[in-house]
Amino acid sequence: MAACLLPMQAQISYINPVPQQVTTSKDGCFDVPAQWNLVSSAPEYVTAGLKGLVPVSAKADFKVVVGTRGDKSVKSYAKKIPAHAEGYYLHVDKKGIVVAGYDERGTLYGVKSLEAMIGGGQLEGCDIADYPDVAWRGVVEGFYGTPWSHEARMRQLDFYGMNKLNVYLYGPKDDPYHSVPRWREPYPEKEAAQLKQLVEEAHKNGVVFYWAIHPGQDIKWNTEDRDKLMHKFELMYQLGVRAFAVFFDDISGDKQAELLNYLDDHFVKAKKDVAPLVMCPTEYNRAWSSDKTGYLRTLGKKLNKSIEVMWTGNSVVHCIDKPSLEWINERIERKAYIWWNYPVSDFVRDHLLMGPVYGNGLDIAGDMSAFVSNPMERAEASKVALYSIADYTWNMEQYDSIQSWHRSLMNLLPRQGKQLKVFARHCSDLGQNGHGFRREESVEMMPVI
């Protein structure tokens, strides 16, 4: 078994994102029991991972209780559960474990934290009260180039669940059934079956699967195309999709607002089990917007307030801070849904972007409705950044970009983490590029060079 060191170097340090509140106990670190008695009132998918870690036996003395606020099994712990969506309370001692979530996803996240702790080889006596700073945290597959494979997406969804990312927007530019020329048509049988499987895998990992459509290049502003868009949504709904996004470009704000409100009123709200509609506007960054056009203010005034508006910042590729959020939020009359274009590399395709994640404000959690990352077409390499983005969006004030980066490398390649660190520190910068976005790279070598 692994040796137990100081609290944040021990079993708790395997948990990502860094928890909000941690109290370690005198029990310290101890061996995982040979078997345990799992008592759960949660759905099967919530505890599935635990059953694969330790043999379950009703006769075992070591009891693991898993439940959600309101369940009898965790009633005595109700006051310790953070009163926050997706929050959870985790108690570990030598006699047993309690996982109590504020809601179902909170219970899942408590279990995921326990799984991560055990992944280090031992348990550690502790009390954890945890919850996210940002409501929606995740990934938008919106890059140009080769879309991720189905297998890569399945692995990504498992990774998101383990690291408490709760949203994935499917919007690969080169999917013809997402965009021109075939957005009006149903997916072929094979692709439809794969999307259905992705939706199911997302649910198992506490991830809301958003299917995005990009109809703006050839949509006709008439009833016929509006109804075809509604029909496409219905086809995706039948595949299990319960969250939708519309990506627009080069179209007037008035027409966008009218269409989106219709979709929101007659589809999203009518279904009653669909997540808030998300839209990406034509002017999705400050450099491309103008108060003279009135586009953003038109959206702010005319769009239903339940519709989320995506935003990349002061330019296409830019870090986010408080002044920039205040600027956009005032215009769209809601909190921006941040689309962060990092570590996407479709404009520097000869580079891997595997360095630390830094530059965004640590005081902006309350100024945004969501924060999603646009990754590289290289799915596995993107996990270095996505690990830290999960950490950043969950617990901003305690976020340490370098420590998070070190942990991400060890998480991805536990046996070769040090070697991966050497590689990644020399694969961090984008080089010269049209967006002027740069990262530090090969810092130790600069004096020698």
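Mentor: Let's begin with a loop: P343 is placed between strand 13 (336–340) and strand 14 (368–373). Keep in mind throughout that this is a predicted model.

Trainee: What makes the bond that joins Y342 and P343 a cis peptide bond?
Mentor: Look at the torsion: omega is about 5° there, and the bond is cis. Another cis bond runs from N16 to P17, where omega is near 0°. P17 belongs to the segment before strand 1 (21–31).

Trainee: And why do such bonds deserve a remark at all?
Mentor: Because most peptide bonds are trans. Likewise, most residues other than glycine have a negative phi.

Trainee: Is K164 buried or exposed, and how do you know?
Mentor: Buried means under 20% relative accessible area. K164 has 1% relative accessibility, so it counts as buried.

Trainee: What about E333 and its phi?
Mentor: E333 is not a glycine either, and its phi is positive at about 55°. The residue sits in the loop between helix 8 (322–332) and strand 13.

Trainee: Why is E333 called partly exposed?
Mentor: The partly exposed class lies between the 20% limit for buried and the 50% limit for exposed. E333 has a relative accessibility of 36%, so it counts as partly exposed.

Trainee: Let's turn to helix 4. How do you know that its length agrees with its number of residues?
Mentor: Helix 4 covers residues 189–204, which is 16 residues, and at 1.5 Å a residue they should span 22 Å. The end C-alpha atoms are 23 Å apart, so the two values agree.

Trainee: Which residues of helix 4 are buried?
Mentor: They are A192, L195, L198, V199, E201 and A202. The buried residues of this helix pack against helix 3 (150–162), strand 8 (167–170), strand 9 (208–213) and helix 5 (223–238).

Trainee: What happens just after helix 4?
Mentor: There G206 takes a positive phi of about 70°. G206 is in the loop between helix 4 and strand 9.

Trainee: Why is G206 called buried?
Mentor: Its relative accessible area is 6%, and buried means under 20%. G206 therefore counts as buried. Leaving out residues up to four places away in sequence, G206 touches R105, L108, Y109, L165 and N166. P176 is 30 residues from G206 along the chain, and their C-alpha atoms are separated by 28 Å.

Trainee: And what makes Y387 a buried residue?
Mentor: Y387 has 2% relative accessibility, so it counts as buried. Y387 is part of helix 9 (residues 379–394). Apart from residues up to four places away in sequence, it touches N16, F159, N163, S404, R407, S408 and N411. Y387 and Y160 are 227 residues apart in sequence, while their C-alpha atoms are 8.5 Å apart in space.

Trainee: How many of the residues count as buried?
Mentor: Of the 449 residues, 58% do. As for contacts with a separation of 6 or more, 75% are between residues 24 or more positions apart.

Trainee: And where do the charged side chains lie as two sets?
Mentor: There are 52 positive and 56 negative side chains, and the centres of the two sets lie 3 Å apart.

Conventions:
Residues numbered from 1 in each chain as written. Predicted model: local features only at pLDDT ≥ 70, side-chain atom pairs only at ≥ 80, totals over all residues. Heavy atoms only, no water. Buried < 20%, exposed > 50% of the residue type's maximum accessible area, 1.4 Å probe, protein only. Contact = heavy atoms within 4.5 Å. Lys, Arg positive; Asp, Glu negative; His and termini not counted. Charge placed at Lys NZ, Arg CZ, Asp CG, Glu CD. Helix = DSSP H or I, 4+ residues; strand = E, 2+ residues; numbered from the N terminus. Expected span 1.5 Å × (residues − 1).
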